[in-house]
Amino acid sequence: MAHRNNILGLELAVVLIGLLAMSQPSMQLSMKHPFYDVIRRINEDGSFFGLVLVSDSNEKALLDSNLFVPTTEHTPTIVLAGRTFHIGSIKGANVVYVKSGEGIINAAATVQFLIDTFGVHGIVHFGSAGAVDDSLSIGDVVLVGQVAYTGSLKWKSFETEKGQLKFGSYNYPEEGENLLGSLDFQPSTLYTPSGKKKTVFWLPLDNSTWFSKASEMQNLEFEQCLDTTKCLPRAPVLVPSLKASTADLYLTNVAFREFVHDKFKVSIVDKETAAIVLVAITNEKPIIVFRGVSNTAGGSTAYKSYYYLASINAFKAAAAFIGTLSSETPSRATY
């Protein structure tokens, strides 16, 4: 009988440990961490949208909207690993928002930390971008359909190899040979929670329920004016299903602008989207990306002083999307 009781006790302990793990799937902080209890209580409130933005301009647009309501149930802000996480709600939905800072390393680290620490059921990302597609205008918002990381390069041998980007093709005033040779753009490795991996160039966002719902938001009204005297010639619009390029460079070069548009058929360029998408897919979290056009990446300089409209309108789209899902709980929503 004692032996049987020991077995039952062991089985119960295993079940309790399993239930504890299920109840806190994203709680990765050590129990000795000073914020352990605070974050445990935050996660008990339910699941959150993880709202990831990049810059001070993005955050100003969020705060100026007055749509984000900080929580009053517990600590509204927590600083972890140098990032400030803000807990609250937007249009009735639980939200944790965090500013990642620029670049793929900051973006990837921030999103992974967000997923590991808080109970987020998906990532909503908004920010600004440069347009390399002349059909886009300052203030327009791109709902990204696919993104590629174009910053992984292989420099080819000048004597024996020819890559995709040949520097000699851009010699001025005439094309010719160039000792810089050429570059090839390398694919990325996508890991899955099961440990499998595959090589990809394009990361997809347009194959999800989230993307389908976001694509239906065609009646959004975006800001056209900075003030009563400064207005764009047309109202900005939401443009779905376009391709984006991410690399650790701020593009203002006309020749390279034309190259990436012609070679990869991308419409916008930025420094974070691919990293954020890759981390979300790796962790099997739904992801949606709204990027507002703030500049033309070396193209026309008309209306360049209207760049703040990119942040305002990208946040409007992100908030509207969160609002469409605010009545759905993670247990019954489809992602």
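Guide: The lining of the largest pocket is made up of eleven nonpolar, eleven polar and six charged residues; here Ala, Val, Leu, Ile, Met, Phe, Trp, Tyr, Cys and Pro count as nonpolar, Asp, Glu, Lys and Arg as charged, and the others, Gly among them, as polar. This is a predicted model, in which local features need pLDDT of at least 70 and side-chain atom pairs count only at pLDDT 80 or more, while totals for chains, interfaces and linings use all residues. Residues are numbered from 1 along each chain as its sequence is written, and side-chain values use heavy atoms, with hydrogens and water left out.

The pocket has a volume of about 480 Å³. Of its 28 lining residues, S128, A129, Y250, S294 and N295 are the closest to its centre. As for the terms, a pocket is an open set of points on a 1 Å grid over the protein atoms alone, where a 1.4 Å probe fits, with protein on both sides within 12 Å along at least five of seven lines; lining residues have an atom within 4 Å of a point. Grid points are joined across faces, edges and corners, and the volume is the space filled by probe spheres set on them.

Helices (H or I, at least four residues) and strands (E, at least two) are DSSP runs, numbered from the N terminus. The protein chain as a whole holds eight helices and 18 strands. Of its 335 residues, 46% count as buried, meaning under 20% relative accessible area with a 1.4 Å probe, protein chains only.

The mean pLDDT, the predictor's confidence in each residue from 0 to 100, is 88 for the protein chain, and 87% of its residues reach 70 or more. Residues 2-25 stay under 50, and the model gives them two contacts beyond four places in sequence. Residues 331-335 are also below 50, yet this stretch has twelve contacts beyond near neighbours in sequence. Where pLDDT is low, the predicted coordinates should not be read in detail.

One last stop is the cis peptide bond between Y172 and P173, with omega of about 10°. P173 sits in the loop between β9 (165-166) and β10 (182-185).

Conventions:
Contact = heavy atoms within 4.5 Å. Buried < 20%, exposed > 50% of the residue type's maximum accessible area, 1.4 Å probe, protein only.
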